[in-house]
Amino acid sequence: MTIKHILAAAAALVAVGGAWAAGADLGQAQKQATNWTAIAMFAIFVGATLWITKWAAGKTKTAADFYTAGGGITGFQNGLAIAGDYMSAASFLGISGLVFANGFDGLIFSIGWLVGWPIITFLMAERLRNLGKFTFADVAAYRFAQTPVRTFAAISTLVVVAFYMIAQMVGAGQLIKILFGMDYVYAVILVGVIMMMYVLFGGMTATTWVQIIKAVMLLGGATFMAVAVLLQFGFSPEALFTKAVEVHSKKDAIMGPGALIKDPISAISVGMALMFGTAGLPHILMRFFTVPNAKEARKSVAWATTWIGYFYILTFIIGFGAIVNLIPNPADYYVGGELAKGLKGGGNMAAVHLSGAVGGNLFLGFISAVAFATILAVVAGLTLSGASAVSHDLYASVWRKGKVDSATELKWSKGATLALGLLAMALGIAFEKENVAYMVMLAFTIACSGNFPVLFMSVLWKDCTTRGVVVGGTVGLILATVLTIGSASVWEAVLQNPKGTAWFPYNSAAIFSMTAAFFTIWLVSILDNSAQAKKERALYPAQQLRSETGLGASGASGH
Amino acid sequence: MQDVINRVTANPKFLEFVALRSRYSIIMTLLGAVAYYGFILLVAYNKEFLATKVGPGMTMSLGVPIGVGVIVFTIVLTWVYVRRANGEFDETNAKLIAEAQK
């Protein structure tokens, strides 16, 4: 082992540690040669989806159509759409890149992103569907004072959406440089404009179908790659692993856990953020209102879990496939033909290079287009959920006290979409040179510390009160943000403080901020003896009946 | 409507049903959590075990089937819950509501 190898290994270890804290990240990228095949494929995707948007626009006449596609999506369709929301470009390129660099550690990482789904299935899905109409605030505020709870929920939604969105927009800008060979700013404008057209004209119907198409393309493309890799080894994983260990610089170390998990507290804390944060992501939660009843809501999560789990198994095979196909051919895939200089376009390009290796230029174009379409679809979903928080929670419920007709509310949701779309583009450009690696993880941490405890306690604990959820949720939101700022991934990597000065020693705040939120909700609620609190407790049996049985829940089209 | 709510919530069979279903949800949640955190704690405290080969002369380590196993287990767990909730639980649910509306 030469010094060069040791340095490369050390660099990779640092990268893995950062990725674990940050969510797979696309980082800064070098612009590559213009890839016309990829651009043409992407143009076809955009053309097809805009055609669907035109069809969807004809069906989007009321606020209910805009928020929930009229409640007419089936469980299977919704499962694909949820999986589409969740399988971002960062998880496809990032996780396969992580497997390519470190082997087994990539699998550990991906498993964390799956385990939130059973929690949603067992605890949330049907209760959400039975109590809610358009946004998760409908559920959280069901028996509480509308103004404070909805205001909190809307702010929390917008904060989560903003962080998630910045990460996506910056990712799009970096990706377009390597995938299409176009400039950063084009990506931001392209994503912003097309996404606004989906949401503005087609509302939830278009957003759902864009997500379904993208999910099918991504799953299809990834399946093809995994099968092609296994075919090279006569469908023997053992033969694939043997060859990978032979060519990889880390040799047998890629078959076991490496440096991904440093201390158990961080590991458990990251696990909590992923496990419970998934159940607090507003753009995921609002998908439960697009299906007609609790039965379909449950089916949608079961399908979503299936597709996401299957996808992570594929990325593991793809990562190993990249090891055995790319490393032996440095001339084709590495900068200057030298292994030490890294993959062309960076470590996240492993899956993209592999697509060229197993499927030729046309398939490489397809996978590049799919990766970019993925960002587009995810951003559309985020914008829709942010716009709903503004128009349904803040405008219609808080400001107008629910006394507003559907046409006016629809106008407001479209206005909010336009504003959020422009904001997303501005943020994407503003953050071009910034390190945004921590943002997706921060969004999950806030979702698990603010939204999840509020939802969980308001639905399942009878003594919970308005004061409890608002104070507790706010504590969770603030603590999650402040502690994340104090951790090494922001304090040192973003704020440029010297190494070792981060005052929060763990990778994730979740274990502290989520616990604090639950504790505060409990404490403030039991100390709350106001008349309002008594009224709210008295309303629990009726809420419980509806959440458990669906009696009185909004119907499919009658929302 | 208020009548129906009162009748259903006063029905001891409803409370029993809700308790049964909640218990089932919690057990399933715990199973999912135990599988995941068990795996993570193995990674944190016993890396050598996961790096052990599945057989003499093999390259594949125990970690691969265990890791893929956690993914498959998660999927299966979800479907087991959904089948029971969409079948047995929904039937009981419908019966209780129908009884109260008579």
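Start by selecting chain A, which has 23 helices and 0 strands. The radius of gyration of chain A is 23 Å, close to the 24 Å given by the globule rule for 559 residues, so chain A is as compact as a globular protein of that length. Keep in mind as you look around that this is a predicted model. For the complex, the predictor gives an ipTM of 0.94 and a pTM of 0.90. If you click over to chain B for a moment, its mean pLDDT is 90, and 98% of its residues reach 70 or more.

Buried residues account for 64% of the 559 residues in chain A. Now think about which parts of the sequence meet: of the contacts between residues at least 6 apart in sequence, 84% join residues at least 24 apart.

**Where the chains meet**

Next, show both chains. The contact takes 42 residues from chain A and 40 residues from chain B. On the side of chain A that touches chain B, the elements giving two or more residues include helix 6 (104–112), helix 7 (116–131) and helix 14 (294–326). Which helix of chain A gives the most to this side? Select helix 14, which gives 10 residues. Colour this side of chain A by residue type and you will find 28 nonpolar, 9 polar and 5 charged residues.

Now select residues 184–232 of chain A, which form helix 10. Helix 10 has 49 residues, yet its end C-alpha atoms are only 37 Å apart, whereas a straight helix at 1.5 Å a residue would reach 72 Å. Then move past the end of helix 10 to Gly234(A), which has a positive phi, near 55 degrees.

**A stop between helices 11 and 12**

Continue to Lys251(A), in the loop between helix 11 and helix 12 of chain A. Lys251(A) is not a glycine, but its phi is positive, at about 50 degrees. Is Lys251(A) buried or exposed? It counts as exposed, because it has 12 C-beta neighbours inside 10 Å and the cut-off for exposed is 12 or fewer.

**Ser487(A) and its surroundings**

Jump ahead to Ser487(A), in the loop between helix 19 (466–486) and helix 20 (488–491) of chain A. With 24 C-beta neighbours inside 10 Å, Ser487(A) counts as buried. Show the residues that Ser487(A) touches beyond four places away in sequence: Ala502(A), Phe504(A), Tyr506(A), Asn507(A) and Ala509(A). For a sense of scale, draw a distance from Ser487(A) to Leu131(A): these residues are 356 apart along the chain, and their C-alpha atoms are separated by 37 Å.

Finish in the loop between helix 20 and helix 21 of chain A, where you will find Gln496(A). Gln496(A) has a positive phi of about 65 degrees although it is not a glycine. With 8 C-beta neighbours inside 10 Å, Gln496(A) counts as exposed.

Asn497(A) is also found in the loop between helix 20 and helix 21 (510–527). Asn497(A) is partly exposed, with 14 other C-beta atoms within 10 Å. Leaving aside neighbours within four places in sequence, Asn497(A) is in contact with Trp491(A) and Glu492(A).

How values were computed. Residues numbered from 1 in each chain as written. Chains lettered and ligands numbered in written order. Predicted model: local features only at pLDDT ≥ 70, side-chain atom pairs only at ≥ 80, totals over all residues. Contact = placed C-beta atoms within 7 Å. Helix = DSSP H or I, 4+ residues; strand = E, 2+ residues; numbered from the N terminus. Nonpolar A, V, L, I, M, F, W, Y, C, P; charged D, E, K, R; others polar. Buried ≥ 20, exposed ≤ 12 C-beta atoms within 10 Å, placed from the backbone. Expected span 1.5 Å × (residues − 1). pLDDT = per-residue confidence, 0-100. Rg over C-alpha atoms; globule rule 2.2 N^0.38 Å.
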